[in-house]
Amino acid sequence: MKITWIVRNWFLAGLLTAAGLAFVFPAVGARGGPLAPEVTAKAAVAIIFLLQGLALSPEALRAGAMRWRLHSATQLFIFALFPAAVLAADHVAGPVLGLSPEIRVGFIFLAVLPTTVSTCVVLTAVADGNVAGALFNAVFANLAGVLLTPLWAALLIGSASDGPPLHAMVLEIALLLLAPLVAGQLLRPALARRNLIHRRLVSVLSNAILLFIVFTAFANSVHDGAFRTTGPAEVALVLLCAIVLFAVAASGAWLLGRRLAFDPADARALFFCAPQKTLAAGVPMAQILFAGNPALALILLPLMVYHVAQLIAGAFLADRLRMPSAAA
């Protein structure tokens with residue numbers, strides 16, 4: 001039973017393993033180490049988004065493009081309501097909880113990220129929601145996030161990053177994420193004609209590369225001593241805060257769909273797109289926005305924990321939100 005769970009949830013197990021190995025072998029993944037993350041991590045990000053570009057169906061995007069009420073509500077939730085709620089919670093509860101400044105920055109960074117690249121689409125499909133609408137929102141949010149995430153981070157976090165100016169960060173993120181995505185779309189027709197695109201393989205390979213990026217990010221922070229003042233109690237508190245945050249966000253998205261009187265398919269798309277946050281784009285964005293920050297792993301910790309929470313809760317909820325006729 002345990003082996004079956006690990007096989008089916010290998011990425012979750014991989015996240016924990018990657019973080020654990022970073023504590024055991026920090027020098028391997030740190031800057032200047034044998035894995036040379038200052039070069040290989042950026043190449044890995046480019047490969048992930050090249051693969052995503054290969055997997056995206058232009059036809060499905062066009063099919064979902066006209067549901068403007070769904071798109072407006074989803075993007076408003078992702079880039080306005082979610083950040084506003086987290087900022088208010090941080091202002092009220094941050095000093096009381098006693099979280100470190102880096103972790104509080106991590107929660108704000110989490111709040112301004114776009115939705116997941118593909119997980120929200122998969123969960124929407126499982127729940128018999130509007131898959132085309134979910135796909136459009138996932139792609140649109142990640143494109144918009146290239147500009148909006150650095151902008152929000154600069155406004156809300158301010159001097160927490162010692163990285164380059166805003167325009168330089170936006171350009172670097174665009175080159176790192178958008179250029180490979182466009183290249184994948186351009187290559188897609190030729191490869192599709194030869195049946196060389198296998199979505200399952202693309203997903204597995206993308207997740208495996210992401211584990212490498214997570215390992216190097218944590219290895220750098222461990223090597224630089226960022227975790228010396230962070231104990232198990234604070235990590236447990238981050239876990240609790242992430243679970244509560246996801247529960248509140250998911251509830252808010254569900255209530256918004258009902259308030260707007262969406263049909264069940266659109267309501268499910270909103271429910272699975274709006275509360276989710278991307279790890280695939282979040283990690284490389286953090287490496288650019290917080291370049292040179294020795295506490296990068298602490299900043300990423302809320303995102304990693306939230307990602308695990310949204311995957312487990314999302315899979316559970318998607319199965320239970322299926323249309324009665326499909327579940328029968």
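Leaving aside neighbours within four places in sequence, Ala132 is in contact with Ala60, Ala63 and Gly64, where contact means heavy atoms within 4.5 Å. Ala132 lies in helix 9 (residues 131-156); helices (H or I, at least four residues) are DSSP runs, numbered from the N terminus. Ala132 and Arg67 are separated by 65 residues in sequence, and their C-alpha atoms are 9.4 Å apart in space.

The model is predicted: local features need pLDDT of at least 70, side-chain atom pairs count only at pLDDT 80 or more, and totals for chains, interfaces and linings use all residues. Residues are numbered from 1 along each chain as its sequence is written, and side-chain values use heavy atoms, with hydrogens and water left out.

- Buried means under 20% relative accessible area, exposed means over 50%, and partly exposed lies in between (1.4 Å probe, protein chains only).
- Beyond its neighbours within four places in sequence, Thr149 is in contact with Phe79, Phe109, Val112, Leu113, Pro114, Met285 and Leu289.
- Ile103 has its place in helix 7 (residues 101-111) and counts as buried at 0% relative accessibility.
- With neighbours within four places in sequence set aside, the contacts of Ile103 are Glu234, Val238, Leu298, Leu301 and Pro302.
- Ile103 and Ala93 are 10 residues apart along the chain, and 13 Å separates their C-alpha atoms.

**Aromatic pairs**

- The whole structure contains eight aromatic pairs. Rings of Phe, Tyr and Trp (its six-membered ring) pair if their centres lie within 6.5 Å; planes under 30 degrees apart count as stacked, over 60 as edge-to-face and the rest as tilted.
- One of these pairs joins Phe82 and Tyr306 in an edge-to-face arrangement, at 6.2 Å centre to centre and with 75° between the planes.
- Because Phe82 lies in helix 6 (residues 68-97) and Tyr306 in helix 15 (residues 296-320), this pair ties together parts that are 224 residues apart in sequence.
- Both Phe82 and Tyr306 are buried, with Tyr306 at 0% relative accessibility.
- Tyr306 also forms an edge-to-face pair with Phe246, at 5.7 Å centre to centre and with 75° between the planes.
- The pair of Phe246 and Tyr306 links distant parts of the chain, from helix 12 (residues 232-259) to helix 15, 60 residues apart.
- Phe246 is buried, with a relative accessible area of 8%.
- Phe77, Phe82, Phe246 and Tyr306 are linked into a cluster by ring pairs.

**A charge over a ring**

- Lys277 lies over the face of Phe82, at 4.4 Å from the ring centre. A charge sits over a ring if NZ of Lys or CZ of Arg is within 6 Å of the ring centre and within 35 degrees of the ring normal.

**Helix packing**

- The axes of helix 6 and helix 13 (residues 264-273) come within 10 Å and cross at roughly 20°. Axes are lines fitted to C-alpha atoms, for helices over the stretch in contact, and angles run from 0 to 180 degrees between N-to-C directions.
- Helix 6 and helix 13 are therefore roughly parallel to each other. Angles under 35 degrees count as roughly parallel, over 145 as roughly antiparallel, 65 to 115 as roughly perpendicular and the rest as oblique.
- Helix 6 passes helix 13 in a right-handed crossing. A crossing is left-handed if the near helix is turned anticlockwise from the far one by less than a right angle, and right-handed if clockwise.
- Where these two helices meet, helix 6 contributes Leu70, Ala73, Thr74 and Ile78, and helix 13 contributes Asp266, Ala269, Leu270 and Cys273.
- Helix 4 (residues 37-55) packs with helix 11 (residues 199-223) at an angle of about 155°, and their axes are 9 Å apart; that makes helix 4 roughly antiparallel to helix 11.
- The crossing of helix 4 and helix 11 is left-handed.
- The residues that meet include Ala41, Ala44, Ile48 and Leu51 in helix 4, and Leu205, Ile209, Phe212 and Ile213 in helix 11.

**Loop residues with positive phi**

- Ala36 has a positive phi of about 45° although it is not a glycine.
- Ala36 is found in the loop between helix 3 (26-29) and helix 4, and is partly exposed, with a relative accessible area of 24%.
- Asp128, in the loop between helix 8 (119-126) and helix 9, likewise has a positive phi, near 60°, in a residue other than glycine.
- At 25% relative accessibility, Asp128 counts as partly exposed.
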